[in-house]
Amino acid sequence: YILSLIPLITSLSGKHMLAEQGIINLSESAFKNQSMIHLDGEWELYWGQFIMPDQFTNSSISQSLQYINVPSTWNSSNQKKLGINNTGFATYRLIVK
């Protein structure tokens, strides 16, 4: 699977929602007109792993869970604290409610 960080096309009445701990809640948003919803904030990150959607039920996966701010670069000071560098691969996950 290839993750595409394309914003949802819709409206949030001017609010800029942020994801927290891998979840963004859009359930109470007023969707009007067509503009963008940015999916910025804390996304789940599983460094050095390709995880299929059905594998998230496996409890051992949560042991490698980290959070990363999106958008950001892998080599910023925040990512250095996570023990990742500017080369490698990962699974990003965001739950949209």
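Biologist: In what order do the three strands of the open sheet lie?

Modeller: In this predicted model, the pairing within the open sheet is antiparallel. Strand S5 (66-70) and strand S6 (90-93) are its edge strands, each pairing on one side only. Neighbouring strands of the sheet are turned by 40° against each other on average, direction ignored. The order of the three strands is S5-S4-S6.

Biologist: Over how many bridges do S4 and S5 pair?

Modeller: Strand S4 covers residues 41-47, and its pairing with S5 is antiparallel. Within these strands, Glu42 stands opposite Asn69, and Leu45 stands opposite Gln66. The number of bridges between S4 and S5 is five.

Biologist: Which side chains of S5 point to one face and are buried?

Modeller: The side chains alternate along S5.

Biologist: Is Thr91 buried or exposed?

Modeller: Thr91 has its place in strand S6. Leaving aside neighbours within four places in sequence, Thr91 is in contact with Glu44, Leu45, Tyr46, Gln49, Phe50, Ile51 and Phe56. The limit for burial is a relative accessible area under 20%. Because the value for Thr91 is 10%, this residue counts as buried.

Biologist: Which residue has its backbone nitrogen 2.9 Å from a polar atom of the side chain of Thr91?

Modeller: Two backbone atoms may be considered here. The backbone oxygen of Gln49 lies 2.7 Å from a polar atom of the Thr91 side chain. The backbone nitrogen at 2.9 Å from a polar atom of that side chain belongs to Ile51.

Biologist: What is the angle between the planes of Phe50 and Phe89?

Modeller: A pair of aromatic rings is described by the distance of the centres and the angle of the planes. The count of aromatic pairs comes to three. Phe50 and Phe89 form a stacked pair, 4.7 Å centre to centre. The angle between their planes is 25°.

Biologist: How many residues apart in sequence are the parts that the pair of Phe50 and Phe89 ties together?

Modeller: Phe50 is exposed, with a relative accessible area of 63%, whereas Phe89 counts as partly exposed at 37%. Phe50 lies in the loop between S4 and S5, and Phe89 in the loop between helix H1 (77-81) and S6. The pair therefore ties together parts whose separation in sequence is 39 residues.

Biologist: At what distance from the ring centre of Phe56 does Arg93 lie?

Modeller: Phe56 is also among the residues in contact with Thr91. Arg93 lies over the face of Phe56. The distance of Arg93 from the ring centre is 4.0 Å.

Biologist: What distance separates the C-alpha atoms of Ile61 and Ile51?

Modeller: Ile61 lies in the loop between S4 and S5 and is buried, with a relative accessible area of 10%. Not counting residues up to four places away in sequence, Ile61 touches Tyr46, Ile51, Gln55 and Phe56. Ile61 and Ile51 are 10 residues apart along the chain. Their C-alpha atoms are separated by 8.6 Å.

Biologist: Which pattern does the protein follow along the sequence?

Modeller: The protein has one helix and seven strands. Of its 97 residues, 28% count as buried. Among contacts with a separation of 6 or more, 54% are between residues 24 or more positions apart. Read along the sequence, the pattern is β-β-β-β-β-α-β-β.

Definitions and conventions: Residues numbered from 1 in each chain as written. Predicted model: local features only at pLDDT ≥ 70, side-chain atom pairs only at ≥ 80, totals over all residues. Heavy atoms only, no water. Pairing = 2+ DSSP bridges. Helix = DSSP H or I, 4+ residues; strand = E, 2+ residues; numbered from the N terminus. Axes fitted to C-alpha atoms, helices over the stretch in contact; angles between N-to-C directions. Buried < 20%, exposed > 50% of the residue type's maximum accessible area, 1.4 Å probe, protein only. Polar contact = N/O pair within 3.5 Å; in protein donor to acceptor, adjacent residues only side chain to side chain. Contact = heavy atoms within 4.5 Å. Phe/Tyr/Trp six-rings, centres within 6.5 Å; stacked < 30°, edge-to-face > 60°. Lys NZ or Arg CZ within 6 Å of the ring centre and 35° of its normal.
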